[in-house]
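Please look over the sequence and the model shown here before reading on. The briefing is meant to be read with both in view.

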Amino acid sequence: MEDGGLRASLRAMWASVAPSWGQHADYVDTRGAVVADGMLDAAHLAPGERVLELACGPGGVGIAAAAIVGPEGEVVLSDIAPEMTAIAAERALQAGLENVTTREVDLERIDYPDACFDAVLCREGLMLVPDPAIAVGECYRVLRPNGRAVFAVWGPRERNPWLGLLFDAVTAETGLPVPPPGIPGPFSLESSGVLGELLVGAGFSRTDVREISEPMKALSVDDYWSLVPPLAGPISRVLESLPAEVNSAIRARVAQTLAAFATSDGYELPGVSLVGVGRR
């Protein structure tokens, strides 16, 4: 797929799942709170600073950053899909934040001049772009001297069974590879060495990559099924395209695998994120 076609496909894909992300925005923030806190700690934000959140989805990290930089600061919530930024804008409005704006931005083509932000934040977006090296370089470009960039990506697939088991079930029932060929996958930057190399390669100094445990809890199979597939980008579209009986078979396979993670009050599945930070 040519570059323009891939970007258009990715934009359409995330636009299609935006309603689910809006519906589950509070869950996304709760589930990702530990990683968000780790990112904000690494960013060392101060009152009055200007912050850009990339691939913001419902905007949870940027909204939290807005409270730190205060009314004298500014946060831009951005995403490749305007349907996502609309959700983020509404949530910022509901939170009473007047220092937040939104904008449609491609990670690999950040439409801002050089050296105009004090910090760039990106949670679970860098691994989903066609060329993460270009994206990290763009983040370096738009940062002011001593600016910080913080990225969170998913760690190794085998240590994130909460999502890997769904991928495995789809492949087992359909024979389709997950993610589809040509589509960047959530585990494309699963090695801490790769994320660190991207930061150094873009010119960042004082780089650091840390692992953060982020398990997923589900009350039941129904609870898991209502949360993970609708938020899982290309998987959501694949499931929508399949006959009902195939969906049922995939769900049954998921339920069978979930049994290994049963607890007294549902299920708890391991999850691991990598948080990388660099200074300009």
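Predicted model: local features only at pLDDT ≥ 70, side-chain atom pairs only at ≥ 80, totals over all residues.

Residues are numbered from 1 along each chain as its sequence is written, and side-chain values use heavy atoms, with hydrogens and water left out.

**Sheet**

- Seven strands form an open sheet in the order 3-2-1-4-5-10-6, and their pairing is mixed; helices (H or I, at least four residues) and strands (E, at least two) are DSSP runs numbered from the N terminus, and two strands pair if DSSP finds at least two bridges between them.
- Strand 3 (100–104) and strand 6 (205–213) are at the edges with a single partner strand each, so one side of each has no neighbour in the sheet.
- On average, and with direction ignored, neighbouring strands of this sheet are turned by 15° against each other, where axes are lines fitted to C-alpha atoms, for helices over the stretch in contact, and angles run from 0 to 180 degrees between N-to-C directions.
- Strand 1 (residues 50–54) and strand 2 (residues 74–79) run parallel and are joined by four bridges, and Val 75 in strand 2 is the bridge partner of Val 51.
- Helix 6 (residues 132–142) lies across strand 1, strand 4 (117–123) and strand 5 (143–154), and runs at about 150° to strand 5.

**Positive phi**

- Most residues other than glycine have a negative phi.
- Ala 115, in the loop between strand 3 and strand 4, has a positive phi of about 50° although it is not a glycine, and Ala 115 is partly exposed at a relative accessible area of 34% (buried means under 20%, exposed over 50% and partly exposed in between, with a 1.4 Å probe and protein chains only).
- Glu 124, in the loop between strand 4 and helix 6, has a positive phi near 60° and is buried, with a relative accessible area of 19%.

**Largest pocket**

- Helix 3 (33–43), strand 6 and strand 10 (272–279) each supply at least two residues of the lining of the largest pocket; a pocket is an open set of points on a 1 Å grid over the protein atoms alone where a 1.4 Å probe fits, with protein on both sides within 12 Å along at least five of seven lines, and lining residues have an atom within 4 Å of a point.
- Among the lining residues are Gly 38, Asp 41, His 44, Asp 208, Arg 210 and Val 277.

Conventions. Contact = heavy atoms within 4.5 Å.
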